[in-house]
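The sequence and the structure come first.

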Amino acid sequence: MGRKAALATGLGAAAVALVLLGQGVPRLIAAAYTAPYDQTLRDLGDARHPRDISPGELSEAAESRRQALAWHDSARTRTEFGAARMMQASRDDYEGTRGRILLDQSIEAHRDALARRPADSHTWTRLARLLLVRDGLTPGIVPYLRMAIRTAPSDPRLIFARLDLAFMAWPMMDNTTRALIAEQIRIAARTKTKAFARLVKERFALEIAREALKDDIGLQRRFDAYYSHL
């Protein structure tokens with residue numbers, strides 16, 4: 001290899017290294033902002049072991065994600081920012097100027113996250129709930145609920161959250177979405193019959209549940225037994 005060719009190869013390698021370095025540095029800076037509050041965000045999503053997170057810690061966790069996004073945009077960071085804002089808004093009961101602003105910011109963050117990672121069922125489910133809180137029961141939440149199911153139809157962590165929404169929004173659903181919900185009902189009835197029966201009673205959804213279970217007599221009887229003893 002001649003000196004000119006060697007020099008060109010060396011310059012090319014240096015250029016690639018600079019590009020990679022330029023891509024890596026923003027990620028490192030973003031991680032430096034988020035790392036101190038990673039546990040806080042994990043605790044937010046841990047329903048089995050809830051921890052009392054102070055308003056100050058929650059605010060700092062949200063701010064860490066906002067600062068990180070200025071350096072490196074990612075669906076995960078946007079989702080975490082949205083989750084923190086959602087919790088802040090809920091502590092204000094979604095009321096007042098501050099509560100409504102926080103709620104709007106959470107919805108925007110979840111939408112932005114889905115634009116980058118559209119297969120995230122958790123985010124679709126949470127966005128459907130947030131829109132219900134802000135806009136009330138409208139047909140507008142149905143497409144979000146439908147996407148929440150289609151992106152992870154058998155995820156046991158999400159089925160009950162989706163059914164809770166579905167039972168409220170049932171009158172405004174199309175037949176396609178109702179068919180998806182019927183399968184969610186059968187999964188819930190098979191896997192956690194007692195908890196499912198309790199949800200059905202709370203949401204006055206007995207007729208919906210029994211219609212979905214009518215082709216499985218054994219499962220319907222097991223559900224009826226739990227339901228009748230609540």
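Q: Does Thr177 count as buried or exposed, and what is its relative accessibility?

A: The model discussed here is predicted. A residue counts as buried when its relative accessible area is under 20%. Thr177 has a relative accessibility of 0%, and therefore counts as buried. Thr177 is part of helix 9, residues 175-191. Leaving aside residues up to four places away in sequence, Thr177 touches Val142 and Arg146.

Q: How many helices and strands does the protein chain have?

A: The protein chain contains 12 helices and zero strands. Along the sequence the pattern reads α-α-α-α-α-α-α-α-α-α-α-α. Among the 230 residues of the protein chain, 39% count as buried. The accessible surface of the protein chain is about 13000 Å², and carbon and sulfur atoms account for 56% of that surface. Of the contacts in the protein chain with a separation of 6 or more, 61% are between residues 24 or more positions apart.

Q: What average pLDDT does the protein chain have?

A: The average pLDDT of the protein chain is 86, and 87% of the residues score at least 70. Over residues 5-21, by contrast, the pLDDT is below 50. That stretch, residues 5-21, has two contacts in the model beyond near neighbours in sequence.

Q: Which residues touch the most other members of the largest nonpolar core?

A: In soluble globular proteins, nonpolar side chains tend to be buried together. In this model the largest nonpolar core has 44 residues, and Leu163, Phe167, Ile181, Ile185 and Phe196 touch the most other members. Not counting residues up to four places away in sequence, Phe167 is in contact with Ile185, Phe196, Leu199, Val200, Arg203, Ala205 and Ile208. There is also a second, separate core of six residues, including Ile53, Leu58, Ala62 and Ala84.

Q: Why is helix 8 described as largely enclosed by the rest of the structure?

A: Helix 8 spans residues 159-169, and eight of its 11 residues are buried, so helix 8 is largely enclosed by the rest of the structure. The buried residues are Ile159, Arg162, Leu163, Asp164, Leu165, Ala166, Phe167 and Ala169. The cover over these buried residues includes helix 6 (121-135), helix 7 (142-151), helix 9, helix 10 (193-202) and helix 11 (206-213).

Q: Which residues lie nearest the centre of the second largest pocket?

A: Rolling a probe the size of a water molecule over the atoms shows where empty space is left. The second largest pocket has 13 lining residues, and Ala31, Thr34, Ser74, Arg76 and Thr77 lie nearest its centre. Helix 1 (3-34), helix 3 (55-69) and helix 4 (75-91) are the elements that give two or more residues to this lining. Helix 1 supplies the largest share, four residues. The volume of the second largest pocket is about 150 Å³.

Q: Where does Arg51 lie, and which residues does Arg51 touch?

A: Arg51 is located in the loop between helix 2 (38-44) and helix 3. With 38% relative accessibility, Arg51 counts as partly exposed. Arg51 touches Thr40, Asp43 and Glu57, not counting residues up to four places away in sequence. Arg51 and Thr40 are 11 residues apart in sequence, and their C-alpha atoms are 9.1 Å apart in space.

Q: What does a relative accessibility of 22% make Asp224?

A: At 22% relative accessibility, Asp224 counts as partly exposed. Asp224 belongs to helix 12, residues 217-228.

How values were computed:
Residues numbered from 1 in each chain as written. Predicted model: local features only at pLDDT ≥ 70, side-chain atom pairs only at ≥ 80, totals over all residues. Heavy atoms only, no water. Core = buried A, V, L, I, M, F, W, Y, C linked by side-chain atoms within 4.5 Å. Buried < 20%, exposed > 50% of the residue type's maximum accessible area, 1.4 Å probe, protein only. Contact = heavy atoms within 4.5 Å. Areas by Shrake-Rupley, 256 points an atom, 1.4 Å probe, with all protein chains shown as cover. pLDDT = per-residue confidence, 0-100. 1 Å grid on protein atoms, 1.4 Å probe; cavity = no way out; pocket = protein on both sides within 12 Å on 5 of 7 lines; lining within 4 Å. Points joined across faces, edges and corners; volume = space filled by probe spheres on them.
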